[in-house]
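Hi,

Could you take a look at the structure below when you have a moment? My notes come after it.

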Amino acid sequence: MTAEQLRNSILQEAVLGHLVPQDPVDEPASTLLERVRLARESLLKEKKVKVKDIDSAPIQEDERTFELPAQWEFVRLNYVATIARGGSPRPIKEYLTDSPNGYNWIKIGDTEKGGKYINHTKERIKPEGLKKSRLIHKGDFLLTNSMSFGRPYISNIEGCIHDGWLVISPAFGEVFDKDYLYYVLSSPYVKDQFLGKVSGAVVQNLNSDKVATSVIPLPPLAEQKRIVAKLEELLPIVEQYGKAQTELDQLNAALPSRLRQSILQEAISGRLVPQDENETADGLKMQLLQAVNNSPFKKKWNSEPIEEDELPFDIPENWKWIRLGDIVYTQTGLSYSKGDLEKKVPNPIRVLRGGNIQNGAWFTKDDDVMIAPEFVKKDIFLKKNSFITPAVTSLEHLGKTALIREDHNDIVAGGFVLYLMPYDDKNDALMEYLAYFFQSAFYNSFCKTITNKSGQAFWNISREKLLKLPIPLPPLAEQQRIVAKIEELFTQIDKISK
């Protein structure tokens, strides 16, 4: 059970009369209503009110939806109180003021959802605005009647209310303890009534007439106070439970990601699977360096020895460090103009952007850019064992990298996406190992250290600095064991998370 469900359950028990024991000594609610009846008749005789202003329809049998305790009564809200709507002087900007002589301008935005009191406002209005608004006083009871309708509050300040508020005022003597009324109007019992009364296709409204006809369970006044005391004892405990539950939910939501990152760090540090003393990464490193020297794509890359102070963490003795630029070279994605996109053809080429890359994988989207093949060079189609990563992106997406596991002759990456192309594109095991390395928190943090701000919200990654990144290189057989173990553990995490 969530904290909100528990709170609603307690409030429902309160309005059903199950929260505190009844006391036969209490003055029954029927006596309260008799005083109300006499007060109403007196006001009518003295012509201080008109019948239409205090008219209250009898409560029908089908409105008595549960059995009340012996000393309780059902009452229609407008039988014991007046419900009035606020008003908004317009245009409101002309009535706002910084003067301390102005009135507090009470808006729904000045409240907290689930809060009980209104303690301050952000704005004030000029005294002349009072003519088109409604003044309420400290201790008055307010109810939202639009947007987040049906939310009750008690005002701790004097001020003016706009037409999104209703003010509920006792009209015929004390019948409701104000705190009890707050809790009963917060209960599922009353909220369900409100939901059945709202109108409006876009903005739903709960007007004063509809609130006035709501049926409320009325306990003896003394029991109302006991109910309030018990609620104010229990609800803070529920709130603490809710905070603990939220923290637990956040922990549970973050735990799979933290577990994955812990596993990845163990993997790239050589602690995930046992080493075999007969295996070494020496030969693999030499093979990779030879592939660079033999490649026509070497371009300006010159490998430099990795200094001790560059090493981010320890690795096993049979592993080696190698720079990323000794494994891959970079290539820019497709550049195009808006005019190029105007030509429509039956079989266009899909262009991936940074948003197509998430969690080590890439995917297509409905809003992908599509371009005619004549604007695309064949050497930038997605190729097996290459990687794509955003070159210009938001800080959130920086470092997200996806492995291409097969050739595609109808998909390319855009100009703000960087290709990482392997010199040796036949080494599937190494590419799978690198795919997980690129998902590690270590790699993501490194990427954030080699960027420059580009405009207000985007970052450029430095290719030169990226290629200098030291990569922990296990023996080839161990790479395969590492990948198999990661996939086994990630599968288990996925099962636990569901």
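First, the ground rules. This is a predicted model, where local features need pLDDT of at least 70 and side-chain atom pairs count only at pLDDT 80 or more, while totals for chains, interfaces and linings use all residues. Residues are numbered from 1 along each chain as its sequence is written, and side-chain values use heavy atoms, leaving out hydrogens and water.

I call it a salt bridge when a side-chain nitrogen of Lys or Arg sits within 4 Å of a carboxyl oxygen of Asp or Glu. That rule gives 27 salt bridges.

One of them pairs R226 with D26, at 2.8 Å from N to O. R226 is in helix α8 and D26 in the loop between α1 and α2, 200 residues apart. (Helices are DSSP runs of H or I with at least four residues, strands are runs of E with at least two, numbered from the N terminus.) D26 is buried at 9% relative accessibility, whereas R226 is partly exposed at 27%; buried means under 20% relative accessible area, exposed over 50%, and partly exposed in between, with a 1.4 Å probe and protein chains only.

Another one joins E63 and R76, with the closest N and O atoms 2.8 Å apart. E63 belongs to the loop between α3 and β1, and R76 to strand β1. R76 is buried at 6%, and E63 partly exposed at 24%.

Then there is D282 with K320, at 3.1 Å. D282 lies in helix α9 and K320 in strand β13, so this pair ties together parts 38 residues apart in sequence.

Cheers
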